[in-house]
Amino acid sequence: YLLVFGLYFIVIIYGQLIATSIASEKSNRTMEILVTSTSTKSLIFGKVIAGALAGILQFGIVLLVASLSYKLNANAWGNRLDFVFDVPGNVLLTFSIFGILGYLFYLFAYGIIGALVSRTEDISTSATPITIIFIASFFISMFSMQTPYSMLLKIASFVPFSSFMAMFIRVSMGNVSIPHVVISLVLLALSTGAIGVLGSQIYQLGTLMYGNPVKLSTAIKLLREK
């Protein structure tokens, strides 16, 4: 519960920050020169990875401090929280790998949203679809903790939008085979790479477009026509 909640909050917070940062750059005309003279992949990947590292570092520090503080005072607590801090290594490894990939997946998605709007005020409206998908994935994962063998959780564990939470829960509950984990991981990694590449292309196109927010379907259509 704690790890999934933490992942939920850093995606929401840093996703909005990435989108706002990219949208606000449009008011700086030097970006027009930078985008046309520099690799857009380097720009958006650098921005997203920097934001991701900031979130991971902060989240990691909070977990580390909480864990060390509890270990130093475990006797005073009567070891009542051992079940929270004594997490198996395979569970932490799965959380780290799937969590980071899913985190990057959504940061790239929010980055695309930021590139498609001209004003920061439009971000909340434009980001609503991806936010709804993310929140739905979160609730599916949370409610499925009570029924870890449900078909809904199994399906969600292979869908890139939700697999980084759903597969972590399945591994935590100990009811998933290694091939399923590998398949889910490959699908998530490929999807994260694909949305990153798409984001770099839309970033170059969207940064040079002003006015009303551009629909994603319109941006993809323009990319095809290039």
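Leaving aside its neighbours within four places in sequence, which residues is Phe164 in contact with? The legends below get to that, starting with some ground rules. This is a predicted model, so local features need pLDDT of at least 70 and side-chain atom pairs count only at pLDDT 80 or more, while totals for chains, interfaces and linings use all residues. Residues are numbered from 1 along each chain as its sequence is written, and side-chain values use heavy atoms, with hydrogens and water left out.

**View 1. Phe164 and its contacts.** Setting aside neighbours within four places in sequence, Phe164 is in contact with Leu7, Phe98, Gly102, Tyr106, Phe134 and Leu188. Contact here means heavy atoms within 4.5 Å. Phe164 also turns up, with Val4 and Met165, among the residues with the most contacts inside the largest nonpolar core, a set of 54 residues. Such a core is made of buried Ala, Val, Leu, Ile, Met, Phe, Trp, Tyr and Cys residues joined through side-chain atoms within 4.5 Å. Two or more core residues come from each of α1, α3 (40-72), α5 (89-116), α7 (128-144), α8 (151-156), α9 (160-173) and α10 (178-207). Helix α5 gives the largest share, 16 residues. (Helices are DSSP runs of H or I with at least four residues, strands are runs of E with at least two, and both are numbered from the N terminus.)

View 2. Of the 14 residues in α9, 11 are buried, so the helix is largely enclosed by the rest of the structure. Buried means under 20% relative accessible area, exposed means over 50%, and partly exposed is in between (1.4 Å probe, protein chains only). Among the buried ones are Pro160, Ser162, Ser163 and Arg170. Now look for the kink of about 30 degrees, centred on Ala166. The bend at a residue is the angle between axes fitted to the seven residues ending there and the seven starting there. As for length, α9 should span 20 Å at 1.5 Å a residue, and its end C-alpha atoms are 20 Å apart, which agrees. That expected span is 1.5 Å times one less than the number of residues. Just after α9 sits Gly174, with a positive phi of about 70 degrees.

**View 3. Thr94, a spot in helix α5.** Thr94 is found in helix α5 and is buried, with a relative accessible area of 11%. Apart from neighbours within four places in sequence, Thr94 is in contact with Gly99, Phe168 and Val171.

**View 4. Gly15 in helix α1.** Gly15 belongs to α1, residues 2-24, and counts as buried at 0% relative accessibility. Not counting residues up to four places away in sequence, Gly15 touches Ile10, Leu107 and Tyr110. The C-alpha atoms of Gly15 and Phe108 are separated by 8.2 Å, although these residues are 93 apart along the chain.

**View 5. Aromatic pairs.** The structure holds 16 aromatic pairs. One of them is Phe5 with Phe138, edge-to-face at 5.3 Å centre to centre, with 65 degrees between the planes. Phe5 lies in helix α1 and Phe138 in helix α7, so the pair ties together parts 133 residues apart in sequence. Phe5 counts as partly exposed at 34% relative accessibility, whereas Phe138 counts as buried at 5%. Tyr106 and Phe134 form an edge-to-face pair too, 4.9 Å centre to centre and 65 degrees between the planes. Rings of Phe, Tyr and Trp (its six-membered ring) pair if their centres lie within 6.5 Å; planes under 30 degrees apart count as stacked, over 60 as edge-to-face and the rest as tilted.
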